[in-house]
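This briefing walks through one protein model and its ligand, going from the overall fold to a single helix, the ligand surroundings and the aromatic rings. Please keep the structure open while reading.

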Amino acid sequence: MKDHDTVPYALERLPDEDSIARAAALRDRLKQRRSCRYFSDEPVPRAVIEAAIEAAGTAPNGANHQPWHFAVIESPEKKRAIREAAEAEERRFYGQDEDKPKASDEWLDALDDLGTDADKPFLETAPYLIAVFAQRKGGIEEDGKTQNYYVNESVGIACGLLIATLHEAGLATLTHTPSPMGFLREACERPEWEKPLMIVVVGRPSADATVPAHALKKKPLSQISSWL
Ligand code: IYR
């Protein structure tokens, strides 16, 4: 390694049994996570959202430029505007107003088991929407000029940590990705070098919330891993 400023690597040393038990325990809790499409309007503590965003901000990322921004939307007016813009895109996607959907037949078939359509009431019902922006440029100073690197990878990992933390805190989430999402940049007053990546809807499930049975089918370890 070339000479550079360093600090010691501090990581608690765990006995193997504890390592295994902790990994298994977190796996079992993450296995309970489901994408939620039916939210109650019950408020949730702002401190949970803040902690989850701070957790997201620890994600490994390109050159430590931390190329993300999390716009937290709680005002009913803003949520309504976002719902209206998102539903307009979704109606085009599903072809609800026109003869021909923007989505291919193959794509619409793939969504059949989820039962989704252009109606997105949860964008207004849920107490918080977190609009996640990927900063194509900006560096640590967010100057809008410095090149950022591995932006999608970095922000994708950050979203994983965000969702895992919110789940650990007992909150339900939905990653929602209307396409295109350009309207979010304006709604959240973000600069043109930022790309909206997803909306993370956060709250508590409504009393009658369901999840598609299809969502419970998870690939086994033997299918998702190979050991060389
Ligand atoms: N954005 C649409 C469609 C959609 C696409 C995929 I891939 C999903 O996994 C779920 C939905 C919608 O939210 O309805």
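A residue is called buried when its relative accessible area is under 20%, exposed when that area is over 50%, and partly exposed in between, with a 1.4 Å probe and protein chains only. The model is a predicted one, in which local features need pLDDT of at least 70 and side-chain atom pairs count only at pLDDT 80 or more, while totals for chains, interfaces and linings use all residues. Residues are numbered from 1 along each chain as its sequence is written, and side-chain values use heavy atoms, with hydrogens and water left out.

**Overall fold**

- The secondary structure comprises 8 helices and 4 strands, where helices (H or I, at least four residues) and strands (E, at least two) are DSSP runs numbered from the N terminus.
- Along the sequence these elements follow the pattern α-α-β-α-α-α-β-α-β-α-β-α.
- Taken along the principal axes, the C-alpha atoms fill a box of roughly 60 × 45 × 40 Å, and buried residues make up 35% of the 228 residues in the protein.

**Helix H3**

- Helix H3 covers residues 76-94, and its 19 residues should span 27 Å at 1.5 Å a residue, which agrees with the 26 Å between its end C-alpha atoms; the expected span is 1.5 Å times one less than the number of residues.
- The buried residues of H3 are Lys79, Ile82, Ala86, Glu87, Glu89, Glu90, Phe93 and Tyr94.
- Seen down the helix axis, the buried residues of H3 fall within an arc of 165°, so they line one face of the helix; the arc is that of the directions from the axis to the C-beta atoms.
- After H3 comes Gly95, which has a positive phi near 70°.

**Ligand surroundings**

- Polar contacts here are pairs of N or O atoms within 3.5 Å: a nitrogen atom of the ligand is 3.0 Å from a side-chain N or O atom of Glu90, and an oxygen atom of the ligand lies 2.5 Å from a polar side-chain atom of Tyr94.
- The side chain of His176 has an N or O atom 3.4 Å from an oxygen atom of the ligand.
- Taken alone, the ligand exposes 380 Å², of which the protein buries 70%, with accessible areas from the Shrake-Rupley method and a 1.4 Å probe.

**Aromatic rings**

- The whole structure holds 2 aromatic pairs, a pair being rings of Phe, Tyr or Trp (its six-membered ring) with centres within 6.5 Å, called stacked if the planes are under 30 degrees apart, edge-to-face if over 60, and tilted for the rest.
- The ring centres of Phe93 and Tyr94 are 4.9 Å apart and their planes lie at 80°, so this pair is edge-to-face.
- Phe93 and Trp107 also form an edge-to-face pair, at 4.8 Å centre to centre and 90° between the planes, and this pair links distant parts of the chain, with Phe93 in helix H3 and Trp107 in helix H4 (residues 105-111), 14 residues apart.
- Phe93, Tyr94 and Trp107 form one aromatic cluster, in which Phe93 counts as buried at 11% relative accessibility, whereas Trp107 is partly exposed at 47%.

**Lys145**

- Lys145 lies in the loop between strand E2 (128-135) and helix H6 (151-168), where it is exposed with a relative accessible area of 66%.
- Lys145 and Trp193 are 48 residues apart in sequence, and their C-alpha atoms are 8.7 Å apart in space.

Notes. Polar contact = N/O pair within 3.5 Å; in protein donor to acceptor, adjacent residues only side chain to side chain.
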